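Colleague: I would like a close look at one part of this model, with its surroundings described residue by residue. Please keep to what can be computed from the coordinates or read from the record.

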Amino acid sequence: MASHFLVLGILVATCSVSLASDPSPLQDFCVADTNGPVLVNGLACKDPKLAQASDFSFSGLHLPGNTSNPVGSKVTPVTVAQIPGLNTLGISMARIDFAPWGINPPHTHPRATEILTVIEGTLEVGFVTSNQPGNSLITKTLQMGDVFVFPKGLVHFQRNAGNGDAVAIVALSSQNPGVITVANAVFGSKPAIADDLLARSFRTDTKTIDWIQSKF
Ligand SMILES: *[C@@H]1O[C@H](CO)[C@@H](O)[C@H](O)[C@H]1NC(C)=O
């Protein structure tokens, strides 16, 4: 009987570890073995004796992203996909370029808090709190050197509030923060969400929904 409880205890402990996001590393590092056949929460480690500086580095964040697109911004991510040595470390970063008045549309990172600093230009930024306590908009205009935090999971956005280019550097509390752009997820899913369901959700008619869906 005691052994049953022991097994149950081990199971509960294992589950609580595997359910936690970006669990604390149990070794110096775990450079992702991108060819590994093992599926874990993250990526399997390659032999630490084979780790090299290139597993921990990335070059090119001084280069502007191409903002010639419908939103006028470009994110250059530096996550575990670019740096395999980030695996299990719970951190990543990105550069965001904005054309004049370009936007980074409302989106959420399901696995990360984000901290942003403006290194060029002026940015209007904001996030919206959860339904409780009432979808408050928390917004601010940032100048060069200003820092702003977007709490984990909350819908947030940025806009270049100037006639010149703007650049931000962000850090995120996950090796793989994930991105869900609200408009793309709601109006651009494949297959599409039923237009009458969206019409009722957005308190409008199906014609309007069909028109918006046709843009994605
Ligand atoms: C930027 O992207 C646009 C649209 O895809 C493309 O036409 C243009 O050549 C790109 N510019 C550079 C410098 O890569």
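Which residues does the UniProt annotation "binding site" cover, and where is Asn104 placed?

Modeller: The model is predicted. According to the unreviewed UniProt entry, the annotation "binding site" covers Asn104, His109 and Glu114. For context, the protein chain holds 4 helices and 12 strands, and buried residues account for 23% of its 216 residues. Of the contacts between residues at least 6 apart in sequence, 71% join residues at least 24 apart.

I take Asn104 to begin with. Asn104 lies in strand S5, residues 103-108. With 25 other C-beta atoms within 10 Å, Asn104 counts as buried, because the cut-off for that class is 20 or more. Once neighbours within four places in sequence are set aside, the contacts of Asn104 are Val71, Ser73, Ile96, Phe157 and Gln158. Two of these residues, Phe157 and Gln158, fall within the range of strand S10, residues 155-160. S5 and S10 pair in the antiparallel sense over 3 bridges, and His107 stands opposite His156 in S10.

Strand S5 belongs to an open sheet of 5 strands, in the order S8-S7-S10-S5-S12 and with antiparallel pairing. Strand S8 (137-142) and strand S12 (180-181) stand at the edges of this sheet; each has a single partner strand, so one side of each is left without a neighbour in the sheet. In the strand order, S5 stands between S10 and S12.

Next comes Glu114, in strand S6, residues 114-120. Glu114 is also buried, because 23 other C-beta atoms lie within 10 Å and the cut-off is 20 or more.

S6 is joined by 4 bridges to strand S9, residues 147-150, and the two run antiparallel.

Methods:
Residues are numbered from 1 along each chain as its sequence is written. This is a predicted model: local features need pLDDT of at least 70, side-chain atom pairs count only at pLDDT 80 or more; totals for chains, interfaces and linings use all residues. A residue is buried if 20 or more other C-beta atoms lie within 10 Å of its own, exposed if 12 or fewer, and partly exposed in between; C-beta atoms are placed from the backbone. Two residues are in contact if their C-beta atoms, placed from the backbone, lie within 7 Å. UniProt positions are given in the numbering used here, feature names are shortened, and annotations may be inferred rather than shown by experiment. Two strands pair if DSSP finds at least two bridges between them.
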